[in-house]
Amino acid sequence: VTRTAEELARVAVTGFADFVAVDLLESVVRGDEPEPISPAGPVVFQRCAHDSVLAGCPEAVVPVGSSGSYPPGSPAALALATGRGTRHGMGDPLLREWLQSNAARLETVRRHGMHSVLMVPLRARGVTLGLVHLIRHRTPEAFGDDDLLLAEEIAARAAVSVDNARRYTHQRRTALALQRSLLPERLPTLAALDLAYRYLPAGSASGVGGDWFDAIPLSGGRVALVVGDVVGHGIHASATMGRLRTAVHTLADVDLPPDELLTQLDDLVIRLDREEGPDARGLTEEASGEVGATCLYAVYDPVSRRCQLARAGHPPPALV
C-alpha cells in the first residue's frame, strides 16, 4: 500500500505539481475495509507518501508514517465526504480558514509561496480510500479545470492499485494468522530425542504458503517427524495444509508404516482435488491437479536406533 502511494506521489510531481502528499485512511493502511466517511466528524488519516520538486520535501508539515485528522467542514474532509476533487486558490475563504487553524501549515504556505491546490479523493469500487494533495508554488500557472480532470484520472487509476494492495495485505495477514494457528505452538518433550525447529513464513513477494512440520509421539518411545508443503499460496493453501496435517496425525495414530501413510495421504489429496478443483461440478472424474502437496514422513525408533522414512515429491532430509 505504501509503495503504491509513493509511486503516485512520484508520478504527480513529474511536470504536473510541485508538491504532492498522499494521505490514506488508517483502516486502509492496516489492510482492513475502509471506514465510511462521516461529514459531521473528523477524518483520521495516515501520511503514506509525499514528494516535491525541492530536495527533502521541505513543504511537508506531516511526516510520512504519522497520523493526523481533517476537521469537519475543512476542504479535505468535504472532498472525502463528497468523493469529488476540488480546486482552490489561496484566496478561497474555506481554504484560508483551514490553513489559519494550523500555524505550521500556514507558515509553510507563506514560506514557499504556495498559490494553487487540488484535493482529489482516492476512490475505487465505490469506496473512498484517501486523499491526494497537489500543490503548485514553483510553477506560476494555477491549476485549471483540465488539470483537475487529469488529477482525478490519475487518482482513479492509482486508487485501484491501492485497493488491490490493501486487499492483498488483508488476505496475506489472514492467511498468515490461519497458518500460524494450524502449526504446532511447541514441539513435544521426548525422552530419547532433542528436537529443534526454525520456521520462516513465505516472503511478501510470493505470499503465505501451505508449509507445515510436526513431531508426533508414537508407541514404544518412537516419534514421527513430518515436513510438508501444499502447492500454492494464500488462505486456500493454508486451509488445505490444516486438513492434511490433521490427516497425518490420524494416520500416525493407526501406526502405519511411512510408505503406507503417504499412500493414504495421497488418496486424500486426490479426493480433495476432485471436490475443490474446477472439475468438481461433475464434468470429469479425474483429478484436476489444482490441489497438491509434497510430504516427508519419518519414524525414528530410539531403541533400535533406526529411522524409516518415505517421501512424496519432497526433498530428502540431510544427515549430519
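**Cores, contacts and cavities in a predicted model**

The buried residues of helix 3 pack against strand 2 (43–52), strand 3 (67–70), strand 4 (86–89), helix 4 (93–100), strand 5 (116–124) and strand 6 (127–136). This is a predicted model, in which local features need pLDDT of at least 70 and side-chain atom pairs count only at pLDDT 80 or more, while totals for chains, interfaces and linings use all residues. Residues are numbered from 1 along each chain as its sequence is written, and side-chain values use heavy atoms, with hydrogens and water left out.

Some terms come first. Helices (H or I, at least four residues) and strands (E, at least two) are DSSP runs, numbered from the N terminus. Contact means heavy atoms within 4.5 Å. Buried means under 20% relative accessible area, exposed over 50%, and partly exposed in between (1.4 Å probe, protein chains only).

Helix 3 covers residues 75–82, and its buried residues are Pro75, Ala76, Ala77, Ala79 and Leu80. Just after this helix, Gly83 has a positive phi of about 75°.

Nonpolar side chains tend to be buried together in soluble globular proteins. A nonpolar core is a set of buried Ala, Val, Leu, Ile, Met, Phe, Trp, Tyr and Cys residues joined through side-chain atoms within 4.5 Å. The largest such core here has 52 residues, and Val20, Val22, Tyr70, Leu122 and Leu134 have the most contacts inside it. Helix 6 (residues 145–182) gives the largest share of this core, seven residues. A second, separate core has 28 residues, including Ala237, Ala247, Leu256 and Val269.

What does Leu134 touch, leaving aside its neighbours within four places in sequence? Its contacts include Ala12, Phe16, Phe19, Val20, Val117, Phe143 and Ala151.

The axes of helix 4 and helix 5 (residues 103–112) come within 6 Å and cross at roughly 115°; axes are lines fitted to C-alpha atoms, for helices over the stretch in contact, and angles run from 0 to 180 degrees between N-to-C directions. Helix 4 brings Arg96, Trp98, Leu99 and Gln100 to this contact, and helix 5 brings Arg105, Leu106, Val109 and Arg110. By class, these residues are four nonpolar, one polar and three charged (Ala, Val, Leu, Ile, Met, Phe, Trp, Tyr, Cys and Pro count as nonpolar, Asp, Glu, Lys and Arg as charged, and the others, Gly among them, as polar).

How many cavities of 30 Å³ or more does the structure hold? There are two. A cavity is a set of points, on a 1 Å grid over the protein atoms alone, where a 1.4 Å probe fits but cannot get out; lining residues have an atom within 4 Å of a point. Grid points are joined across faces, edges and corners, and a volume is the space filled by probe spheres set on the points.

The largest cavity has a volume of about 260 Å³. Of its 22 lining residues, Phe19, Trp98, Arg105, His133 and Ile135 lie nearest its centre. The lining has 16 nonpolar, two polar and four charged residues.

The second largest cavity has a volume of about 40 Å³. Its lining consists of Leu8, Ala12, Val132, Leu134, Ala151, Ile154 and Ala155, with seven nonpolar, no polar and no charged residues. Helix 6 supplies the largest share, three residues.

Finally, Val227 is found in strand 8 (residues 223–233). Is Val227 buried or partly exposed? Val227 is partly exposed, because its relative accessible area is 35%.

Technical notes
1 Å grid on protein atoms, 1.4 Å probe; cavity = no way out; pocket = protein on both sides within 12 Å on 5 of 7 lines; lining within 4 Å.
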